Amino acid sequence: MGRKPIVVVVLLALVGALGIIGVALNSLTESIKLPSLGPECTVRADGEVTLDSVQMANAATIAAVGVRRKMPERAVVIALATALQESKLENISHGDRDSVGLFQQRPSQGWGTAEKIRDPRYASARFYGALKKVKGYQKMRITDAAQQVQRSAYPNAYEKWADESAVLARALTGRATGAVACTVSGKPALRGAAAAAALAEGLRLDWGKGLPDPAAEAAGLTVAVTDRKAGWRYAHWLVAHARNNGLERVRFADLEWQATNGKWQPVTGDRVAGERRVVAEVFS
C-alpha cells in the first residue's frame, strides 16, 4: 500500500514528459512539410478523378483506341468503367480462372491469346468491337452495356464507376481544357532522341493512321492538329504517358504543362503554341 503514491508520481511524470514531446512535435510539423504520398495524376473535367501514372496511361490508351475506331464518347465511358471495375486500370497478368489484362478477358472465351490480351491496344479494340454489336448500348445504363460484353458474375458492379469514367472520358476525348495534370518526379526514364522516338511510336500505336505524322527530333516532337478538341486529345495523351517517356513539358494553345510541378499554366510570347500544333519537349 505504501508504494502506490510513488507509482502515481512516476505516471504523472511520464504524462508530463509526453505532453512536452507532443508540443515539440506540433511545433516542428508547423515548420516542416512532409512529402506527399498521394496519386500522381489528377483529372478535372466537371468532376475530379485521381490516378497513379500507370492507371492514367492505360486510361489514355483506352480512350485513344475508342476515338481511333470512331466510337462515341459514351462507348469510351463504358470501356473505362469496365476497366476500372475489372482491373482498376492495371494491366494485370492474372484473374478469375484464365482472365488477364485491363478488361479481364479470357483466352478460353475467344478473346485471343493471353499475350495478345495483355496488349492494352488489342484488348481495348476487342472490347469496343464487342460493344459495337450490342444494340442500343448508347441508351443503356453503363452497367447494363458493360455486362452485355463482359457477362460478369457481378452484373451491377460497373455502375459505381459511372461518374469517374465520365470525367476521364470528357478529358481524354478532348472536351476539356488542361484537364489531365500529372506530376513526374525522379530521373527521367528516357532522354533526348530516345524519348522523342518513344513518344512518337506510342502516339502512332494508340491513335493509328488518323494521327498526323509527329515530327520527332532530339528535343521532342510536334503534332499538327485541325481543331482545339483534337489538340487537347493529344496533349492530354502526352501528359498521361509522360512518366515512361521522358516528357518534360507540353504546350498547346496558350497553356503549358511541366513535369516538375504537374500543372497547366498560361504562357505568353514565343512560347505560345497556338491551336494548330501540340508541342512536346523531352528531357535532354
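Visitor: What volume does the largest pocket have?
Guide: This is a predicted model, and the figure is computed from it. The largest pocket has a volume of about 570 Å³.

Visitor: Which of its lining residues are the closest to the centre of the largest pocket?
Guide: The lining of the largest pocket has seven nonpolar, eight polar and five charged residues. There are 20 lining residues, and the closest to the centre are Glu86, Gln104, Gln150, Arg151 and Ser152.

Visitor: Which helix gives the most to the lining of the largest pocket?
Guide: H3 and H6 each supply at least two residues of this lining. With three residues, the helix that gives the most is H6.

Visitor: Which residues of H6 meet H3?
Guide: On the H3 side, the contact is made by Arg74, Val77, Ile78, Ala81, Thr82 and Glu86. The residues of the H3 contact with H6 divide into six nonpolar, two polar and two charged. The H6 residues in this contact are Ile142, Ala145, Ala146 and Gln150.

Visitor: Which helix gives the most to the lining of the second largest pocket?
Guide: The second largest pocket has a volume of about 270 Å³. Of its 15 lining residues, Ala57, Asn58, Thr61, His241 and Asn244 are the closest to its centre. Helix H2 (53–68), helix H5 (120–132), helix H8 (192–207) and helix H9 (228–240) each supply at least two residues of the lining. With five residues, the helix that gives the most is H2.

Visitor: How do the residues lining the second largest pocket divide by class, and how many are charged?
Guide: Six residues of this lining are nonpolar and seven are polar. The charged residues number two.

Visitor: Which strands stand at the edges of the three-stranded sheet?
Guide: Three strands form an open, antiparallel sheet in the order S2-S1-S3. The edge strands each have a single partner strand, so one side of each is left without a neighbour in the sheet. They are strand S2 (48–51) and strand S3 (180–182).

Visitor: What is the bridge partner of Thr42 in S2?
Guide: Strand S1 (residues 41–44) pairs with S2 in the antiparallel sense over four bridges. The partner of Thr42 in S2 is Thr50.

Visitor: At what angle does helix H7 run to S2?
Guide: Helix H7 (residues 162–172) lies across S1, S2 and S3. Its angle to S2 is about 90°.

Visitor: How many residues lie between S6 and S7 in their hairpin?
Guide: Strand S6 (residues 247–253) and strand S7 (residues 255–258) pair in the antiparallel sense over four bridges. Phe252 has Leu255 in S7 as its bridge partner. Between the two strands of this hairpin, the number of residues is one.

Visitor: Which residue in the turn between S7 and S8 has a positive phi?
Guide: Three bridges join S7 to strand S8 (residues 264–266), and the two run antiparallel. Leu255 stands opposite Pro266 in S8. The hairpin of S7 and S8 has five residues between the strands. The turn residue with a positive phi, about 70°, is Gly262.

Methods. Residues numbered from 1 in each chain as written. Predicted model: local features only at pLDDT ≥ 70, side-chain atom pairs only at ≥ 80, totals over all residues. Heavy atoms only, no water. Contact = heavy atoms within 4.5 Å. Nonpolar A, V, L, I, M, F, W, Y, C, P; charged D, E, K, R; others polar. 1 Å grid on protein atoms, 1.4 Å probe; cavity = no way out; pocket = protein on both sides within 12 Å on 5 of 7 lines; lining within 4 Å. Points joined across faces, edges and corners; volume = space filled by probe spheres on them. Pairing = 2+ DSSP bridges. Axes fitted to C-alpha atoms, helices over the stretch in contact; angles between N-to-C directions.
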